[in-house]
Amino acid sequence: MAIPFLQSAYVGAYLVKQRLKRNKRYPLVLMLEPLFRCNLACSGCGKIDYPDPILNQRVSVAEALEAVDECGAPVVSIAGGEPLLHKEMPEIVKGIIARRKFVYLCTNALLLEKKIKDYQPSPFFVWSIHLDGDREVHDKSVCQEGVYDRCVSAIKLAKSRGFRVNINCTLFNDAQPEQVATFFDEVKRLGIDGITVSPGYAYERAPNQQHFLNREKTKNLFRDILRRGKGGKAWSFSQSSLFLDFLAGNRTYHCTPWGNPTRTVFGWQRPCYLLGEGYTKTYRELMETTDWDRYGTGNYEKCADCMVHSGYEATAVNDTISHPWRALGVSLRGVKTEGPFAPDVSFDRQRPAEYVFSRHVEIKLAELRQSKT
């Protein structure tokens, strides 16, 4: 795994503390979305389909750091939109690092060469560069030619300046296992520190709904990819071995939506990073008023095909703490890529999907109009 010892130690101590306190629900990673505006329009993205008044909103420095303090998660993943469009992003990052939290700044890298002077290498800071595949695959994914080459250039620059650099890679149903494995070999040669990989999630208003994976296709795809890399041991993933084992269909997991709470320009997003079905003003309100049993695979139709890290990585990490030898075994042997899949959760009682996205947009627009008057 590509998680350095310092981060493993900090996160491990935090998890043990939560266990000793007998806390049932606690965050692992704060998903901070300080804006939705982006300088790309990727076909699988459901984060940029907002009216301009909302795309123009920003989470302030004070609001961002208040969210970090309120939540208390040891890791903060800053996503968007494109975070480097936020003029106060360097100040936000510095404030989080000063709190001894680990920051993963997710970026499409188009502005990285221009903005990199505003950041300093730190064991608490990682550039997480969006890269969905090789030149052909990635440029098609982001709907713009030349982006892959600019990402590679940005990776080389960041590494030359002493930064930790990961890539975050989302796979869809047109992914070719051999091509993905070759791509992982290529980025390994670039000297990246880790790979975050996940199947795509069918956002309610993503422009292209035809290329998302269902659960069976996800399991088969990841087995086919990991088989080409010694069960995944050929590459350094910034994820737990048990999450990769889950993606390959070897674990039966329920998601942990509170493990990655999300703070956006709307507020605290209910119930998770991928579903926006209500918002609260405070983290405490999110945790105490959300009916968590209404969500998750097997509980809600929208969650049926989700196997994304933002829902399941926390589950896998908790399993690792409970069964460290199980996780060690997968790390040493590699992910199993043959044999029957583990039983899946039951879908017999899942409730039908509710489409509420537009209502929350209307509420936010009404608030903005009122604030102007």
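Trainee: How many residues of strand E3 are buried?
Mentor: This is a predicted model. In it, 6 of the 6 residues of E3 (residues 102–107) are buried, so by the cut-off of under 20% relative accessible area the strand is mostly covered.

Trainee: Which residues of E3 are on which side?
Mentor: Phe102, Tyr104 and Cys106 are on one side, and Val103, Leu105 and Thr107 are on the other. Both faces are covered. In a regular strand the side chains alternate between the two faces of the sheet.

Trainee: What does E3 pair with?
Mentor: E2 and E3 pair in the parallel sense, over 4 bridges. Ser77 has Tyr104 of E3 as its bridge partner. E3 also pairs with E4 in the parallel sense, over 5 bridges, and there Cys106 stands opposite Ser128.

Trainee: And what makes a β-α-β unit with E2 and E3?
Mentor: Helix H4, residues 89–98. The unit is right-handed.

Trainee: Zoom out. What is the strand order in the sheet?
Mentor: The order is E6-E5-E4-E3-E2-E1-E7-E8-E9. That is an open sheet of 9 strands with mixed pairing. The edge strands are E6 (194–199) and E9 (276–280), each of which pairs on one side only. From one strand to the next, the twist averages 25°.

Trainee: Which strands does helix H3 touch?
Mentor: H3, residues 61–71, packs on the sheet and touches E1 (29–32), E2 (75–78), E7 (262–264) and E8 (267–271). The direction of H3 makes about 160° with that of E1. Helix H9 (residues 215–227) also packs on the sheet, touching E5 and E6. The direction of H9 makes about 150° with that of E6.

Trainee: Back to the strands. How do E4 and E5 run?
Mentor: Parallel, with 5 bridges joining E4 (residues 125–130) to E5 (residues 164–171). Trp127 stands opposite Val165 in E5.

Trainee: Which residues touch the most other members of the largest nonpolar core?
Mentor: Ile78, Trp127 and Phe184, in a core of 118 residues. Helix H7 (residues 147–160) gives the most to this core, with 8 residues.

Trainee: What is Phe184 in contact with, leaving aside neighbours within four places in sequence?
Mentor: Its contacts on that basis are Cys169, Ile195, Val197, Ile225, Trp235 and Phe237.

Trainee: Where is Phe163 found?
Mentor: Phe163 is in the loop between H7 and E5.

Trainee: Why does Phe163 count as buried?
Mentor: Because its relative accessibility is 3%, and the cut-off for buried is under 20%. Setting aside neighbours within four places in sequence, the contacts of Phe163 include Ile116, Tyr119, Phe125, Trp127 and Ala158.

Trainee: New topic, helix H12. What is its span?
Mentor: H12 (residues 309–322) has 14 residues and reaches 19 Å from first C-alpha to last. That is close to the 20 Å expected at 1.5 Å a residue.

Trainee: Which residues of H12 are buried?
Mentor: Among them are Tyr312, Glu313, Val317 and Asp319. The cover over the buried residues of H12 includes helix H1 (5–20), H9, helix H10 (241–247) and helix H13 (324–333).

Trainee: How far apart are Phe163 and Glu313?
Mentor: They are 24 Å apart in space, C-alpha to C-alpha, and 150 residues apart in sequence.

Notes:
Residues are numbered from 1 along each chain as its sequence is written. This is a predicted model: local features need pLDDT of at least 70, side-chain atom pairs count only at pLDDT 80 or more; totals for chains, interfaces and linings use all residues. Side-chain values use heavy atoms; hydrogens and water are left out. Two strands pair if DSSP finds at least two bridges between them. Helices (H or I, at least four residues) and strands (E, at least two) are DSSP runs, numbered from the N terminus. Axes are lines fitted to C-alpha atoms, for helices over the stretch in contact, and angles run from 0 to 180 degrees between N-to-C directions. Contact means heavy atoms within 4.5 Å. Buried means under 20% relative accessible area, exposed over 50%, partly exposed in between (1.4 Å probe, protein chains only). A crossover is right-handed if, with the strands pointing away from the viewer, the path from the first strand over the helix to the second runs clockwise. A nonpolar core is a set of buried Ala, Val, Leu, Ile, Met, Phe, Trp, Tyr and Cys residues joined through side-chain atoms within 4.5 Å. The expected span of a helix is 1.5 Å times one less than its number of residues.
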